[in-house]
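Subject: Structure handover and helix notes

Hello,

Please find the structure below, for your files. My notes on some of its helices follow.

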Amino acid sequence: MRYTIHQIAEITSGQFLKENIEEGIIEHLLLDSRQVIFPASSLFIALQGRRFDGHEFLPELYNSGIRHFLVSKKIKTNAFPSANFILVENTYEALQRLAIWHRHQFQLPTFGIAGSNGKTIIKEWLFQLLHEDYHIVRSPKSYNSQTGVPLSILQINKEHTLGIFEAGISKMDEMKKLAPILDPHIGIFTTLGAAHSEGFPNKIAKLREKLKLFQNVKTLIYCCDDEMVEREIERGEWRMENSTQLIKWSAKGKPANFQVKKTIRSATSTTIVLQSTINNHNSPITIPFTDDASIENAIHCWVLMLHLGYDHQTIAERMAKLEPVALRLELKAGNNGCVVINDSYNSDLTSLIIALNFLVQQSKTERRTLILSDILQSGQTGEQLYSALAKLILAKKINRLIGIGSEIKTLEQLLPIDFNKKIYETTASFLENVQLETFQNETILLKGARRFGFEKIADRLSRKVHQTVLEVNLTALLNNLRIYQSHLLPGTKLMVMVKASAYGSGSIEIAKLLEFQHVDYLAVAYADEGVELRKAGIQLPILVLNPEEATFDSLIRYQLEPEIYSFKLLKKFNQFVLSNSAGNKAPFHIKLDTGMHRLGFNEDDLDQLLEVLITNRQSLITKSILSHLAASDDKSHDGFTNQQITRFQKMYAMLADRLGYRPNRHILNSSGIVRFPEHQMEMVRLGIGLYGIDGSGEVQEKLQTVNTLKATVSQVKNIPGGHTVGYSRQGVATQPMRIATLSIGYADGLSRKAGNGNFSILINGNKAPLIGNVCMDMAMADITHIPDVQEGDEAIIFGKDSKGHELPVQELANCLDTIPYEIFTSISGRVKRVYIQE
């Protein structure tokens, strides 16, 4: 996009609060103050939500070089002497008006995809199938929201000849805002599922809202096997005109334009026979997938290609080459202290910006390397594309570029002469010549088109460790964070627990993400955990829950804030501060015992405590006063919980009234946030809820699985009846049995109590009981009833597999008579943590 600031004002129906004399040219939109790349040509749109307000970041953005702002509040502009400010009534609506206007400057045909599942896969497969014939612009990743759709549309330029976009909604009246932005010519409705059901009064209301995307389409493609979907589409209340062509297919023999007559699955592929009811012609194709969802997604694409006039041979050849769509990027430990981020989702400029933002967020050092392939089918000339890439690489402070391909040589000439860069013709050439020693203590981003096989580079650069993996889903963790934030009152601060290596998930990676999301405080158990975070560059305030006298020096040196719970600890800490802080006040937090009876000052300690605090006002400053609820998750103890809260309020008042200032108060934990919202006070503490576990049961259905513990099938064996399995011959095959040996044992965190049939793991979507004793490094599972298991297959101990089958961690916790906290924190350090972001 390229508009003058005056065009932006006219399109959005805005008025200038302040107008700079120089005409500004806008080429980029900025919605996130943390992602400034091209400040001079960016327009910041100050969006507002329940717990965020973009207007708060205007000074920071101005100092970063942003000079163009779209706001919905009357700003005092004298602090921004060279800026343009456009005032609109609603910045979300202004963004959407801009997208609508931009969309209608181009006449290219567009496909709009809606439904509960499969939108992104269908969009990416259509790109794979059609890119030889069109210059395609499409939604980056899963950009299908109220902001994602406008940003997707604003990518369109005059080089594009086809647009493929998806639209997603989570509540009523959202699709009517997205429909005029996309204004698709052809629509695909995928499925109607349970996702986001909480935002709609009932299932039919959700369906009707989704169908609003297609009100002006010329053609709508859908599967008619769902009776509710078929009934509503045929009724036609969703369309503005009655001329829409309905093209439907069925796998259940229902009246339709196309009938699925056969699906023949092999181990790695599926042959589908589709019959046209127009000429009764049967057409077979084979796709390299076997799961039901992929078959359904492929048929949608197939029917669309038939509608576009493609012949059977072309369709069959292209469908046979469909590739998996990686809907996530992975972060894992590399060799020589490096971190490797592998994003093979797609290779276009917009997805590269997203990946670079993640690189900046997760960088442990200032050393950043980008390994980049040719960018294919961008819809831009080479000069346009690589000029933009060169600016992006410099703006994101990339230290080294390794390019792979023939076209990317153009980029080499556009970067400064002294820039660290190297170009290879092929991935194989890079792998033959690269020296691992040249990668030291840096963050490496791999961004390559699939044909370049960058997974081989990821394998070479990644540290070779134990095959058992704890996969940490950062997208799910963000969802859980937002669920709890939605329960907070405006202005309530949020402290997040990252103790015990963020409940086993990895404290540095989780802390970086939380800092990026602007939480207010982090909390760790011991000082060395806080020191590790500081050394990783974390700047947020950090509370240390269990400080020790031996770590006082670290507390002061690394600006960590101790929780003080006893007179002895208070006296020792104050003495240290007086001797070592050079006259600076040391921040600390006071722990009160209101009934947990673990740590904290009692009510009859308060007079003496006040005396100490008042006497030492020059050396100590109380940042907060806190207590701990003993049973906030259990309704049967609500009377006791309310007593604790009342006691806390009374004790706090006694302290604050005489201190002369009012420190922050916090007593609510994860369950308390949900169950006692009236007692949020100034701050709350989020712990296990962030990782997808709701002890109260109030919001469990909204939380997503963060941690997945995976092992690998090392060997498959056939055991004759009467033989035994494992140490002490505890596993007895009462009949011929097929077993899988797994790459996990009690040294990895799988308790011996799980063996001998007490617990079942998940393989290929089926439960398989553990047989015999769990060994130190291995465990065995009975897979007699799962004939397709092979060596190398994935075994889920808890969490989700790649096809969405889930084994909740609560099942393992129940088996071991414990709680998910213990399961998570017992995962051994030798288990590799892999971080994914969808």
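The axes of helix α22 (residues 606-615) and helix α23 (residues 638-659) come within 10 Å of each other and cross at roughly 30°. Axes here are lines fitted to C-alpha atoms, for helices over the stretch in contact, with angles from 0 to 180 degrees between N-to-C directions. That angle makes α22 roughly parallel to α23, since angles under 35 degrees count as roughly parallel, over 145 as roughly antiparallel, 65 to 115 as roughly perpendicular and the rest as oblique. On the α22 side the contact (heavy atoms within 4.5 Å) is made by L606, D607, L609, L610, L613 and I614, and on the α23 side by M651, M654, L655, R658 and L659. Nine of these residues are nonpolar, none polar and two charged. Ala, Val, Leu, Ile, Met, Phe, Trp, Tyr, Cys and Pro count as nonpolar, Asp, Glu, Lys and Arg as charged, and the others, Gly among them, as polar.

This is a predicted model: local features need pLDDT of at least 70 and side-chain atom pairs count only at pLDDT 80 or more, while totals for chains, interfaces and linings use all residues. Residues are numbered from 1 along each chain as its sequence is written, and side-chain values use heavy atoms, with hydrogens and water left out. Helices (H or I, at least four residues) and strands (E, at least two) are DSSP runs, numbered from the N terminus.

A second pair is α7 (residues 203-211) and α8 (residues 227-235), whose axes come within 11 Å and cross at roughly 50°. The two are therefore oblique to each other, and this crossing is right-handed. K203, I204, L207, R208 and L211 of α7 meet M228, V229, E232, I233 and R235 of α8. By class, that contact has six nonpolar, no polar and four charged residues.

Helix α4 (residues 119-130) has 12 residues and reaches 16 Å from first C-alpha to last, close to the expected 16 Å (1.5 Å times one less than its number of residues). In α4, 11 of the 12 residues are buried (under 20% relative accessible area with a 1.4 Å probe, protein chains only; exposed is over 50%, partly exposed in between). W125 and F127 are among them. The cover over these buried residues includes β8 (110-114), β10 (162-166) and α9 (292-308).

In α18 (residues 507-516), nine of 10 residues are buried, including E509 and K512. H518, which follows α18, has a positive phi, near 65°.

Regards

Key: A crossing is left-handed if the near helix is turned anticlockwise from the far one by less than a right angle, and right-handed if clockwise.
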